[in-house]
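Take a look at the model below.

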Amino acid sequence: MVVTRSEAKQQKEIHVVTGGGGFPGFTLGKKLAQNGHQVRLLDIAEPVWELEDGMEFIKGSVVDKTIVAEAIEGASVVYHMASYGMSGKSQNFSLEQDSLSRKFPEDAKADNLGLRTARIRFMTC
């Protein structure tokens, strides 16, 4: 499909923010929406703030291959702001290497999601 320059300007770029339920991710998403982008927030925790126009929220984990594939569909940019251990609840768990390897399984890597061939820019902060 060929998109002309004028059609491209009419279509909003989709920006995905993982960790969008937390303060840093939500703040980034809000700024992107205010700058005219379509924003998808992905997080296991729902944001406590009201979504701006142009923002949507998807509840799910970044280690869930199906949810991530759904969230990034049609996206131009992904900002990976999700983290493990930022909420008070998760700090009660031991962060040994073994537990991290179980928490972030090999199949959750971008290679297996087919993202290397997709034209998506990944931004990690």
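Val48 is exposed, with a relative accessible area of 69%. Here, exposed means over 50% relative accessible area, buried means under 20%, and partly exposed is in between, using a 1.4 Å probe and protein chains only. You'll find Val48 in the loop between strand S2 (38–43) and S3. Helices (H or I, at least four residues) and strands (E, at least two) are DSSP runs, numbered from the N terminus. Together with Phe23 and Trp49, Val48 makes a nonpolar surface patch of about 350 Å². To join such a patch, residues need over 30% relative accessible area and no salt bridge, and nonpolar side chains (Val, Leu, Ile, Met, Phe, Trp, Tyr) are joined within 5 Å. The areas come from the Shrake-Rupley method with a 1.4 Å probe, and for residues only the protein chains shown count as cover.

A quick word on what you're seeing: this is a predicted model, where local features need pLDDT of at least 70 and side-chain atom pairs count only at 80 or more, while totals for chains, interfaces and linings use all residues. Residues are numbered from 1 along each chain as its sequence is written, and side-chain values use heavy atoms, leaving out hydrogens and water.

Now for the charges. How many salt bridges does a search of the whole structure find? It turns up two, where a salt bridge is a side-chain nitrogen of Lys or Arg within 4 Å of a carboxyl oxygen of Asp or Glu.

| Salt bridge | N to O distance |
|---|---|
| Lys30 and Glu52 | 3.9 Å |
| Arg40 and Glu56 | 3.2 Å |

Lys30 lies in helix H2 (residues 23–34) and Glu52 in the loop between S2 and S3, so this pair ties together parts 22 residues apart in sequence. Arg40 counts as buried at 14% relative accessibility, whereas Glu56 is partly exposed at 30%.

Met55 counts as buried because its relative accessibility is 9%. Leaving aside neighbours within four places in sequence, its contacts (heavy atoms within 4.5 Å) include Phe26, Lys30 and Val39.

Finally, the inside. The largest nonpolar core has ten residues, among them Ile14, Leu42, Ile58 and Ile72. A core like this is a set of buried Ala, Val, Leu, Ile, Met, Phe, Trp, Tyr and Cys residues joined through side-chain atoms within 4.5 Å. Helix H3 gives this core its largest share, four residues. A second, separate core of nine residues includes Phe26, Leu32, Val39 and Tyr79.

Key: Patches are made of residues with over 30% relative accessible area and no salt bridge: like charges are joined within 9 Å, nonpolar side chains (Val, Leu, Ile, Met, Phe, Trp, Tyr) within 5 Å.
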